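Reader: I would like a close look at a single part of this model. Please take me through it step by step.

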Amino acid sequence: MSELDTAGKEYHFPVRVSWVRGVLEGNEAGPVGEDGKLDVRLSRSGTDVVVLGRLQFELVAPCARCLEPARIPIDEKLSFLMVPAARSKAPDAEEYEFSAEEADVVPFDGENVVLDEVVRDELVLQIPMIPLCSEDCPGMSAGSISGASSEVPQESLDPRLLPLLRFKNLKKE
Ligand SMILES: [Zn+2]
């Protein structure tokens, strides 16, 4: 930390596949298989550290429609302020000049800038709720039904639809 000044310093970190695999454990999404990168500029602002950077990584998750791998390229700008934990917790910290909208505030121990958690959060944030291999993915059922005959086997019908079908059959007769 002591080498940091207001002019700042650039850092380039590889974002390792093995690390991402670890932090995303239990998540449906995982690394594609290539290391990504994190480029950051750290600069000191009083006791705080301003972090500006860019995170690039590619994740893959099963497509919500067809279960084929859906690629999730991530290229995000990072911008936040690391604030010594003791101060960020103090509710009466009068010297807070920035507002929450201006920058994300991440507490740190005042000495060591650790970006792991920020990067992990950013990756998780970028995983879509419904990953799709492509915007117009036809989905698994559409593909298999159109390939088969138009006669849908009875047992595959949603049982809740059966009364409706019977009703329609009656009307036809
Ligand atoms: Zn798909």
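Reader: In which sense do strand β3 and β4 pair, and over how many bridges?

Author: Strand β3 (residues 36-45) and β4 pair in the antiparallel sense, over nine bridges. This is a predicted model: local features need pLDDT of at least 70, side-chain atom pairs count only at pLDDT 80 or more, and totals for chains, interfaces and linings use all residues. Residues are numbered from 1 along each chain as its sequence is written, and side-chain values use heavy atoms, with hydrogens and water left out. Strands (E, at least two residues) and helices (H or I, at least four) are DSSP runs numbered from the N terminus. Two strands pair if DSSP finds at least two bridges between them.

Glycine 30 has valine 60 in β4 as its bridge partner.

Then comes strand β5 (residues 69-84). β4 and β5 pair in the antiparallel sense over 14 bridges. Glycine 53 stands opposite leucine 78 in β5. Six residues lie between the strands of this hairpin, where leucine 67 has a positive phi near 70°.

A zinc ion is coordinated by Cys63 (SG), Cys66 (SG), Cys133 (SG) and Cys137 (SG), at 2.3 Å. Cysteine 63 sits in the loop between β4 and β5, and cysteine 137 in the loop between α3 (116-126) and α4 (140-147), so the pair links distant parts of the chain, 74 residues apart.

Terms used
Donors are N, O and S atoms within 2.8 Å of the metal (3.2 Å for Na, K and Ca); water is not among the atoms, so sites may look incomplete.
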